[in-house]
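Reader: I have a structure open and want to talk through how its pieces pack. Can you take me through it?

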Amino acid sequence: MKNVARSVAGSAVTGPLIVMLLVASVVALTTDRFLVSQNLTNVSLQVAVVAIVAIGATMVILTAQIDLSSGSLAALSSVLLAGLIKKAGVDEPIAFLLIIGMGAGLGFVNGFFSSYGRIPSFIFTLGTLAIFRGLSFLYTGGTPIFSISPQLTQVFYGKFLGLPLPLIYVVVLYALAWAYLRYARGGRHMYAVGGNPSAARLSGIGVNRVRTKAFVLAGALSALGGILLTARLNSGSPNYGQGLELMAIASAVIGGTSLLGGVGSVVATLIGALMIVIVQNALNLHAVASAWQQIALGTIIGVAVGIDMWRSELAKGAQWLWKRTLGRGREDVGGAASGEDSDRAPTAERSQRIDETVKP
Amino acid sequence: MTTSTVHAPWELRDISKYFPGVRALRGVSLSLRGGRIHALLGQNGSGKTTLAKCLAGVHPPDDGELVHGGEVVHLRSPAAAAERGVAIFHQEFSLVPPLSVAENICLGRMPSPRGVVDWEGARRQARDALSRLGVSLDVTRPVSSLSVAEQQLVEIAKALSGEKTLLILDEPAAALGPVETERLHDVIRALRSEGTAILYISHRLDDVLDVADDISILKDGRLVRTIEAGDTSVREVIRMMIGSDIEKHFEHHPSGARDERLRVEEVWTDAGVKGTSFTVARGEVLGLGGVIGSGRTEIARALFGADRITRGTLWIDGRELRLRSPRDAIAEGIALIPEDRKTDALFFNFPAPANITVANLDAVSSGPFLSLTRERDQARRLIGELKIDARALEQTVRFLSGGNQQKVILARWLFSDAKVLILDEPTQGIDISSKADIYRLIDELTARGVSVVLISSDYRELLEISDRIAVVQGGRVNHIASHGELSEHELIEMAAVDIASEAS
């Protein structure tokens with residue numbers, strides 16, 4: 001029981017991993033169509049876009065900001081990519097670079113106004129969420145652009161060494177993001193800015209610059225997500241990516257990234273994204289209506305954030321139960337989080353997890 | 001107003017309060033009688049504010065009893081204290097800027113018969129409270145539209161309004177000008193005659209002696225004595241605050257070399273530095289003495305590039321500096337250990353190594369990449385040298401004691417090879433052995449030629465460590481004395497009394 005209490009408040013990666021494996025086993029036990037190679041390939045294709053966008057969401061959240069515009073930015077990237085290739089006749093590789101560059105540029109706008117401009121990012125990106133979506137509809141007149149180019153689908157359905165390309169993208173990007181956050185100065189600065197912006201400034205870190213950088217990376221990754229969505233159906237649509245920002249942020253949070261900033265890991269985010277997609281897949285396999293799927297996703301997010309915020313209380317509750325039942329007569333195991341100030345408790349519970357995530 | 005019924009007394013019986021690593025209060029017993037002004041005096045860190053917070057329900061005591069009118073009470077929250085008629089006024093504003101003056105004054109106890117707010121009643125209450133201060137303000141204006149001085153008056157009015165059994169004033173005068181202070185004293189005298197008990201905490205000794213009936217002196221969390229105000233003098237109070245049983249923690253080693261390292265000329269900032277000038281030599285400790293609000297912290301922030309210098313110049317080693325941010329200052333070898341280490345210095349999401357290297361990641365990088373092994377090795381070395389709790393290598397600094405936390409921050413600036421180290425209250429709230437470690441470290445650093453600017457409200461410490469003492473008043477250095485030239489008495493008097501004469 002002690003150990004259970006500790007693991008509730010414990011590691012950033014093992015917790016979500018255990019929960020995900022539990023979820024996957026439940027799914028595998030309730031339907032025999034889950035552990036089928038075709039279905040698993042589907043899952044890996046479904047998870048790719050969410051997982052890639054979730055890298056950006058994780059970085060932005062690490063700096064204690066939020067990006068709500070990623071789904072809309074993916075849609076804008078999609079229709080502009082279709083336009084570039086089909087209408088302007090631009091070669092695909094150049095079109096990809098232009099679109100990713102545009103994503104980075106729009107990410108810069110988000111970051112610049114949220115940091116240097118001091119507009120809370122929650123509000124500013126709520127605005128760009130609407131603006132990017134509106135621009136996508138404006139550009140296409142509301143109808144999708146079909147049959148862009150026959151080669152385009154290869155970006156999504158192609159294989160490399162027998163593995164689906166989206167899987168390769170995910171693995172490569174996650175490896176890079178993990179290495180960046182762990183081994184690059186820029187990554188360390190993101191944790192520092194999210195952990196204590198005032199101390200970061202007084203340690204010589206350009207807080208606004210670091211925050212802007214996180215948004216730029218998030219924008220570029222959202223654009224990449226838009227490119228994959230487009231390649232998947234060989235068409236560009238202003239309706240793509242609805243709720244993608246929700247799934248990306250949920251992946252990060254389910255993975256244990258703290259919305260207060262400074263604590264989290266991209267590996268855990270990948271687990272979070274997998275968990276969401278597996279649950280969706282399971283509901284699909286059980287033919288549950290999509291309305292219920294949305295309700296399920298919302299519930300998962302609520303529970304995940306709840307666990308994040310109530311970690312210390314949950315641990316204390318577990319300890320209390322332990323003392324009252326099995327541990328009668330044992331020594332008090334009161335955790336360090338029971339400090340003098342209840343409003344400092346979030347820091348305590350965050351710092352417990354950081355031991356696992358950024359242990360240098 | 002109510003008739004002058006004397007309120008039942010508040011008694012503190014053997015009150016103790018512990019914080020991690022510190023015993024803030026040890027068995028303090030006091031009696032606060034209605035119709036008396038009781039002054040609580042003591043040096044910084046002696047436990048005055050903690051005592052006030054125990055009474056105000058902010059920090060319930062760990063041991064001992066609070067007794068009101070013969071009945072033991074447990075004040076577990078500020079609301080519970082307010083219900084018993086306890087009000088507190090302190091420097092930190094507790095106003096809600098967008099709300100009106102009336103709403104702020106009545107906050108938390110809006111007259112609302114049958115659940116509907118009686119706006120006329122609220123405005124009347126607010127006007128009454130303000131008129132006792134001799135102020136007339138439009139009570140419907142939002143607080144955000146008032147000047148800082150007006151906001152202070154609203155803050156006081158808020159503490160005064162309603163039926164009070166005990167009013168606590170924690171350094172009220174630090175935020176007030178002389179006229180407002182006089183008015184405040186008139187009001188608390190009036191409250192006294194209405195039978196309210198008043199606990200008055202202040203650093204301005206002459207002010208306090210002027211208005212108080214009883215005086216209690218705290219030292220290191222213990223009650224030294226309670227006496228009647230008429231039976232004592234400023235001089236005697238200071239003697240009791242200092243005590244005579246303090247061991248010497250620090251052996252002063254005067255620095256030999258006298259090459260100028262830092263020169264400050266007529267520097268101004270918007271934050272409150274007003275044309276200050278001084279120099280610091282290589283290997284010298286310059287101590288800044290002064291009361292709360294004198295501008296010492298603001299001078300430190302200006303030297304570190306944290307506040308923009310609007311006029312005047314800084315030189316380091318004969319070169320003129322243009323500091324636009326702390327980053328520029330760090331690049332020039334200037335380091336600041338801020339007063340509030342929790343909000344301005346520590347990363348609670350990092351263990352000690354990342355906390356130590358954060359200001360100088362270049363030293364553990366190859367190209368853009370960090371070497372986590374090198375970081376760990378360097379951190380281990382510093383943790384050993386500074387006698388920091390070894391668990392900090394793995395664990396977040398959240399779990400360290402205040403002294404260990406402070407040493408982690410010192411390690412950060414040792415690691416970045418600072419040439420000028422500004423220490424703002426480096427030993428506040430930390431245990432004796434960590435204090436001794438920090439003193440030893442200052443000594444070692446100055447021996448290596450590092451210049452230290454030391455801000456401390458512990459004047460004994462300041463006088464012992466500093467090669468020279470600068471007395472700061474009104475945002476500038478007014479007087480500089482050499483080591484041994486000033487006694488603690490003289491420094492306290494200079495810092496406290498000059499302010500009063502400047503104010504009048």
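Predicted model: local features only at pLDDT ≥ 70, side-chain atom pairs only at ≥ 80, totals over all residues.

Reader: Start with chain A. At what angle do H3 and H13 of chain A cross?

Author: Helix H3(A), residues 37-62, and helix H13(A), residues 266-285, cross at roughly 140°. Their axes come within 9 Å. Angles over 145 degrees count as roughly antiparallel, and H3(A) and H13(A) are therefore oblique to each other.

Reader: Which hand is the crossing of H3(A) past H13(A), left or right?

Author: H3(A) passes H13(A) in a right-handed crossing. On the H3(A) side the contact includes Val43(A), Val47(A), Val50(A) and Ala54(A). Among the residues from H13(A) are Leu270(A), Ala273(A), Val277(A) and Asn281(A).

Reader: And by class, what is in the contact of H3(A) with H13(A)?

Author: The contact of H3(A) with H13(A) has 13 nonpolar residues, four polar ones and no charged ones.

Reader: Next, H5(A). How far apart are the axes of H5(A) and H11(A)?

Author: The axes are 6 Å apart, and the two helices pack at an angle of about 145°. H5(A) covers residues 92-115 and H11(A) covers residues 207-233. Their crossing is right-handed. By class, the contact of H5(A) with H11(A) divides into 17 nonpolar residues, ten polar and one charged.

Reader: What about H5(A) and H6(A), how do their axes cross?

Author: H5(A) and H6(A), the latter being residues 121-140, cross at roughly 145°, with axes that come within 9 Å. That crossing is right-handed. H5(A) brings Asn110(A), Phe113(A) and Ser114(A) to the contact, and H6(A) brings Ser121(A), Phe124(A), Thr125(A) and Thr128(A). The residues divide into two nonpolar, five polar and no charged.

Reader: OK, chain B. Which domains does the assignment give there?

Author: The assignment for chain B gives domain 1 as 10-242, domain 2 as 249-333 + 418-504, and domain 3 as 346-416.

Reader: How many residues of domain 2 of chain B are in contact with domain 3 of chain B?

Author: Eleven residues of domain 2 of chain B are in contact with twelve residues of domain 3 of chain B. The largest share of the domain 2 side, four residues, comes from helix H15(B), residues 432-447. That side divides into seven nonpolar, two polar and two charged residues. The C-alpha centres of these two domains of chain B lie 26 Å apart.

Reader: Sheets now. In what order do the four strands of the open sheet in chain B run?

Author: The order is S12-S11-S14-S15 in chain B, and the pairing is antiparallel. S12(B), 274-281, and S15(B) are the edge strands, each pairing on one side only. The twist averages 15° from one strand to the next.

Reader: How many bridges join S11(B) to S14(B)?

Author: Six bridges join S11(B), residues 260-269, to S14(B), residues 309-316. One of the pairs to look at is Trp268(B), whose bridge partner in S14(B) is Arg311(B).

Reader: And what links S14(B) to S15(B)?

Author: Three bridges join S14(B) to S15(B), residues 319-321, and the strands run antiparallel. Ile316(B) has Arg319(B) as its bridge partner in S15(B), and Trp315(B) stands opposite Glu320(B). S14(B) and S15(B) form a hairpin with two residues between them, and Asp317(B) in the turn has a positive phi of about 45°.

Reader: Where is the other hairpin, the one with Asp220(B) in the turn?

Author: That hairpin is formed by S9(B) and S10(B), again with two residues between the strands, and Asp220(B) has a positive phi of about 50°. Six bridges join S9(B), residues 214-219, to S10(B), residues 222-228, in the antiparallel sense. Lys219(B) has Arg222(B) as its bridge partner in S10(B).

Reader: Back to sheets. What is the pairing in the six-stranded open sheet of chain B?

Author: The pairing is mixed, and the strand order is S16-S19-S20-S13-S21-S22 in chain B. The edges are S16(B), 334-337, and S22(B), 476-482. S13(B), residues 285-289, and S20(B), residues 451-455, pair in the parallel sense over four bridges. Leu286(B) stands opposite Val453(B) in S20(B).

Reader: Which strands of that sheet does H9(B) touch?

Author: H9(B) packs on that sheet, touching S13, S16, S19, S20 and S21 of chain B, and its direction makes about 150° with that of S20(B).

Methods. Residues numbered from 1 in each chain as written. Chains lettered and ligands numbered in written order. Axes fitted to C-alpha atoms, helices over the stretch in contact; angles between N-to-C directions. Parallel < 35°, antiparallel > 145°, perpendicular 65-115°, else oblique. Left-handed = near helix turned anticlockwise from the far one by under 90°. Contact = placed C-beta atoms within 7 Å. Nonpolar A, V, L, I, M, F, W, Y, C, P; charged D, E, K, R; others polar. Pairing = 2+ DSSP bridges. Domains from an automatic or database assignment.
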